[in-house]
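Here are my notes on this one, point by point. Have a look at the model first, then read on.

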Amino acid sequence: MPGARAAAFIPGAWLLTLLAAVMMVSALRMLRAAAEIAPANGARSVGTHTPAALPKVVTLGALTGALTGLVGAGGGFLVVPALSLLGGLSLHQTIGTSLLVIVMTSVAGLLGHAAHVTIDYTLALWVGAFASAGTLLGYALARRLSPRHLRTGFAWFILLIAGWLVYRQWPLLQALHSVR
């Protein structure tokens, strides 16, 4: 919740630009990792979560949670690359694990943001209903695609959204800069 509370003090244009930058870095790392996946087997070995890896997992979780709370988004854009690239999970394992992580971080973010923003619950219910339907469709598609193609497609989707965010925020960033 600290990230969500800190968001109240940072201009929205800066928050969205930060999100876009993180998305771009994640997407580029995913593209590089996708190129390293052998087409024959399509999956990397599962990471081991030994006590030596615990500090990395704790740091990864804290940073992902803080960014998710700060920018109010993150779900797949932050959690999937983090679990896949840094957690060492195969992409199919990452997708399943990320859903639980997203639920937990969403609840924490909601609690932090609900204190200082008005939430349109009707809109949230509509978006949630259609997102749930899209999730079921995505699950059916994911079962038919190789991890390499999933990772590459997801990375390009993230880059596209990040570019759109920067494009949309550019006038606001220029206005913020000229005020100072």
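1. Surface first: the protein exposes about 11,200 Å², and 73% of that area comes from carbon and sulfur atoms. As for burial, 32% of the 180 residues count as buried.

2. Bear in mind that this is a predicted model. The average pLDDT for the protein is 77, with 79% of the residues scoring at least 70. Helix α6 (residues 121-142) has the highest confidence, at a mean of 90, while helix α1 (residues 2-6) has the lowest, at 64.

3. A stretch I'd flag is residues 40-47, where pLDDT stays under 50.

4. On secondary structure, the protein has seven helices and zero strands. Read along the sequence, that gives the pattern α-α-α-α-α-α-α. As for how the chain meets itself, take the contacts between residues at least 6 apart in sequence: 82% of them join residues at least 24 apart.

5. Does the length of helix α3 (residues 54-71) fall in line with what its residue count predicts, or out of line? In line: at 1.5 Å a residue, its 18 residues should span 26 Å, and the end C-alpha atoms are 26 Å apart, so the two agree.

6. Which residues of α3 are buried? They are L60, T64, T68, G69, L70 and V71. For background, residues three or four places apart in an α-helix point the same way, because there are 3.6 residues a turn.

Note on methods. Residues numbered from 1 in each chain as written. Predicted model: local features only at pLDDT ≥ 70, side-chain atom pairs only at ≥ 80, totals over all residues. Heavy atoms only, no water. pLDDT = per-residue confidence, 0-100. Helix = DSSP H or I, 4+ residues; strand = E, 2+ residues; numbered from the N terminus. Contact = heavy atoms within 4.5 Å. Buried < 20%, exposed > 50% of the residue type's maximum accessible area, 1.4 Å probe, protein only. Areas by Shrake-Rupley, 256 points an atom, 1.4 Å probe, with all protein chains shown as cover. Expected span 1.5 Å × (residues − 1).
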